[in-house]
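Please keep the sequence and the structure at hand while reading.

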Amino acid sequence: RLSPDRVEGSQRKESSSVSLEAFLADQKWTFPLSLDLSTHEFHLDSLSCLETIDSTVMQCLNVSNNHLTALQHLKNFPLLEEVRASRNVLQVVNLALPKLKTLILSHNKLSALPFVADLPSLTHLDVSHNACAGSLGELRKNTALQTVNLSFNQFSWNVFDLHQEIGLLQ
């Protein structure tokens with residue numbers, strides 16, 4: 001796990017502190033890489049710090065508990081299997097990651113389900129605690145999905161509508 005006390009912006013400043021971008025660039029990464037940038041000390045508002053990482057090593061990324069408005073730069077990591085981006089301020093998510101299996105987007109500001117057609121390996125999707133509304137039709141575009149957490153959103157279906165929506169997924 002990347003320790004925030006080794007980069008700028010940490011609560012404990014040391015003379016050896018460096019920027020997150022410089023720290024990531026100086027590392028000799030090996031596959032598979034699981035990078036956890038979820039601690040409250042980072043306060044990321046962009047993923048530009050990932051540009052220096054070799055695109056062939058990243059397998060898991062946790063950027064929860066930050067201030068991200070977009071998940072840009074992830075298209076550079078085609079081998080990503082898991083992305084955790086809970087507790088950010090994401091409003092729209094549109095990813096094209098062929099190996100992605102798990103996508104956690106809970107506690108954001110999503111008003112619609114993410115576009116999943118370009119996520120053919122996605123098996124687990126969590127969009128709980130957002131403001132999603134509308135239809136589940138978008139989820140039909142992904143036949144690999146096994147679990148979807150839609151709790152605490154703004155879907156307003158009666159029993160008949162719910163039955164129809166679930167029927168769309170079968």
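In this predicted model, R84 and E82 form a salt bridge in which the closest N and O atoms are 2.5 Å apart. R84 is partly exposed, with a relative accessible area of 32%. E82 also falls in the partly exposed class, at 22% relative accessibility. The count of salt bridges comes to 2. The other pair listed here is E138 with K141, where the closest N and O atoms lie 3.2 Å apart. E138 counts as buried because its relative accessibility is 17%, and buried means under 20%. K141, at 49%, is partly exposed. The table sets out the two pairs.

| Salt bridge | Closest N and O atoms |
|---|---|
| R84 and E82 | 2.5 Å |
| E138 and K141 | 3.2 Å |

**S64 and its surroundings**

R84 is also one of the residues in contact with S64, once the neighbours of S64 within four places in sequence are left aside. S64 belongs to the loop between β2 and β3, the latter spanning 82–84. Is S64 buried or exposed? S64 is buried, since its relative accessible area is 8% and the cut-off for buried is under 20%. Its side chain reaches the backbone nitrogen of S86 at 3.1 Å.

In soluble globular proteins, nonpolar side chains tend to be buried together. The largest nonpolar core of this model has 42 residues, of which L50, L71 and L74 touch the most other members. Elements giving two or more residues to this core are α1 (20–26), β1 (33–36) and β2 (58–62). Among the elements, α1 gives the most, with 3 residues. Which residues does L50 contact, leaving aside its neighbours within four places in sequence? L50 is in contact with L24, L35, L37, M58, L61, L74 and F77.

T123 is found in the loop between β4 (102–104) and β5. With 23% relative accessibility, T123 counts as partly exposed. T123 and T102 are separated by 21 residues in sequence, while their C-alpha atoms are 6.2 Å apart in space. Not counting residues up to four places away in sequence, T123 touches K101, A144, L145, Q146 and T147.

N130 sits in the loop that runs between β5 (124–126) and β6 (147–149). N130 is buried, its relative accessible area being 9%. Residues up to four places away in sequence aside, N130 touches L105, S106, H107, N108, K109, L110, F152 and N153.

**Confidence**

The mean pLDDT of the protein chain is 84, and 87% of its residues reach 70 or more. Over residues 3–16, pLDDT stays under 50. For that stretch the model has 24 contacts beyond four places in sequence. Where pLDDT is low, the predicted coordinates should not be read in detail.

Notes:
Residues numbered from 1 in each chain as written. Predicted model: local features only at pLDDT ≥ 70, side-chain atom pairs only at ≥ 80, totals over all residues. Heavy atoms only, no water. Core = buried A, V, L, I, M, F, W, Y, C linked by side-chain atoms within 4.5 Å. Buried < 20%, exposed > 50% of the residue type's maximum accessible area, 1.4 Å probe, protein only. Helix = DSSP H or I, 4+ residues; strand = E, 2+ residues; numbered from the N terminus. Contact = heavy atoms within 4.5 Å. pLDDT = per-residue confidence, 0-100. Polar contact = N/O pair within 3.5 Å; in protein donor to acceptor, adjacent residues only side chain to side chain. Salt bridge = Lys/Arg side-chain N within 4 Å of Asp/Glu carboxyl O.
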